[in-house]
Amino acid sequence: MRAATISPRTSADSAQPLIVARGLSKTYGAANAHQVTALKNLDFKIYDGEFVSVVGQSGCGKSTLLKVLAGLLPYSAGSIELNGKPLRGPSPEAAVVFQSPVLLPWRTVIENVLLPIEFRKLPIVDYRKKAADLLELVGLEDFAKRYPFELSGGMQQRAAIVRALVQDPRLLLMDEPFGALDAMTREQMNLELMRIWSGSRKTVFFITHSIAEAIFLSDRVIAMTTRPGTIADVISIDLPRPRDLSIINTDRFGRYAAHLHSLLDAQGGMF
Amino acid sequence: MTMRAAESGPVETAPVPSREAPLSLVRRYPQFTISPAILVALVACWWLATDVLGAPAYVVPAPEQVLRALINGLSRSPWDTGGYWYHTGVTVWEALLGLAIGSVLGAVLGFAICHWPILGRSWYPYIVGFQSLPKVALAPLMVVWFGFGLQGKVFITAVITFFPVLVNTMAGYQSVEPERIELARSCNASEWHLLSKIILPSCLPFLFAGLGVASVLAILGAVVGEFVGASAGLGMLLMQYDQQMELAPMFAVILLLAVIGFLMNYVMGMLERRYCFWAQRVNASGRP
């Protein structure tokens, strides 16, 4: 409801929201006392080309929300529209980046990157060039023929991002993709993701538990409450782009962070 | 950094050989130096016990007698039923056929049970019950059903090798990372692609662990089958020599069985390194 009142990043994209969720709820378990409500009555819109983050404590249902949007989990009530059509199962317009790279150890990097093309039964030959270009974009061109165990954690996650991008999805669903990386690599990956995103203008739905990461990357940040998962607030981040790491030390950044902290602290503390 | 500095400290002060110095042959190849030395020592003890200390030949035959029996048995043609090659061939053929049948059935059933949970839950009690049964107890029955020929030994070997492969396949299926399955589902993968491109390869290390156990059990199955009743095979030879109180050739056959078991295991290890080359290194970097 609140999302509708917030203007998207560029006016050209504003006509058509890519995702519209209305009254979205998800409960686990059978209809009895053991039922757990993971998501309760969520309303939000995500516009084409937008970068939207979701922050919240662990267990607030943010991963559940991503899996629902990916079509991997059925929802219990409400509705989701993706590009004007009701969402029923995984859509070819969306690609998922998981918290772990989930690279298959028996396949080389390039074979891993082309896996979605095989799954979707598309002609591999048409995508080889694209896969190579994307690997070059993330600096992995020399590692195409290597196996995942020869790559560092950050490189593996880059390969996973390329695997998502090779399908040329309109929507990138990222579930704490840098959560397992060390702080230095994480900052580097954030910058790189910014660079990739501003070049491709995909719509990104980004789950994180880091408030700073969410502010740094996003056009809008959705703050979620815990048990049941509801939307506490949606905040537009009006920081100029392109952003670099120095923006973290500005007053405006600090005010956004303080506001988000207070939203999340209100239900039992973030740290 | 600080740790490295601490490590290099004593190297500079004391004349400790640096790491670059070539390792001695013994350290580099213990399997080619120390292992043969152990064999030599064991044979020496054996020789000492029999030839020097005079352990009676009807308890332990002397090493040279065993060697003579071995050379005598192996110098015959492979078609000579008095030689070892013929019987080795029979036993190995029984073991390999049984292993092939048992492990294929075990792997297929393992996948089916995990993939269709209804099948698993309805059949599992019987499988557990059958598994608790000592399979060797079926050996006498095998003579009744199949007589003294090849089929009976293949049957018992298949039954024995079936379970380790089944159990390991099931463990493999259940240990497939859920994210791998979600990845496939998020790309609208077909059920067949999910099975062939994700689940099956993910199970390979477990499958090979099962095959490693099964390959050793296969020889056991064939020999036990031959004990119960057979007209050829190394197990039958053992029974024959036992009745004739000929210990030297008996020892020779036991040695042969050990070598066959070792080779079976070696071949399995080679296949595993070839088709499962990534498995040893997965844990190092499978997840950051």
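User: In this predicted model, does A:Lys121 count as buried or exposed?

Analyst: Start with where to look: A:Lys121 sits in the loop that links α3 (115-119) to α4 (125-137) of chain A. Around it there are 11 C-beta neighbours inside 10 Å. The cut-off for this class is 12 or fewer, so A:Lys121 counts as exposed.

User: And what is the phi of A:Lys121?

Analyst: Most residues other than glycine have a negative phi. A:Lys121 isn't a glycine, yet its phi is positive, at about 55 degrees.

User: Where does A:Asn83 lie, and is it buried or partly exposed?

Analyst: Look at the loop between β4 (77-82) and β5 (85-86) of chain A, and you'll find A:Asn83 there. Its phi is positive too, near 55 degrees, and it isn't a glycine either. Buried would take 20 or more other C-beta atoms within 10 Å, and exposed 12 or fewer. A:Asn83 has 17, so it is partly exposed.

User: Which residue does a cis peptide bond join to A:Arg241?

Analyst: Most peptide bonds are trans. This one is cis, with omega about -5 degrees.

User: Which element gives the largest share of the side of chain A that touches chain B?

Analyst: In all, 21 residues of chain A are in contact with 21 residues of chain B. On chain A's side, the elements giving two or more residues are α3 and α5 (153-165). The largest share is three residues, and it comes from α3(A).

How values were computed. Residues are numbered from 1 along each chain as its sequence is written. Chains are lettered from A and ligands numbered from 1 in the order in which they are written. This is a predicted model: local features need pLDDT of at least 70, side-chain atom pairs count only at pLDDT 80 or more; totals for chains, interfaces and linings use all residues. Helices (H or I, at least four residues) and strands (E, at least two) are DSSP runs, numbered from the N terminus. Two residues are in contact if their C-beta atoms, placed from the backbone, lie within 7 Å.
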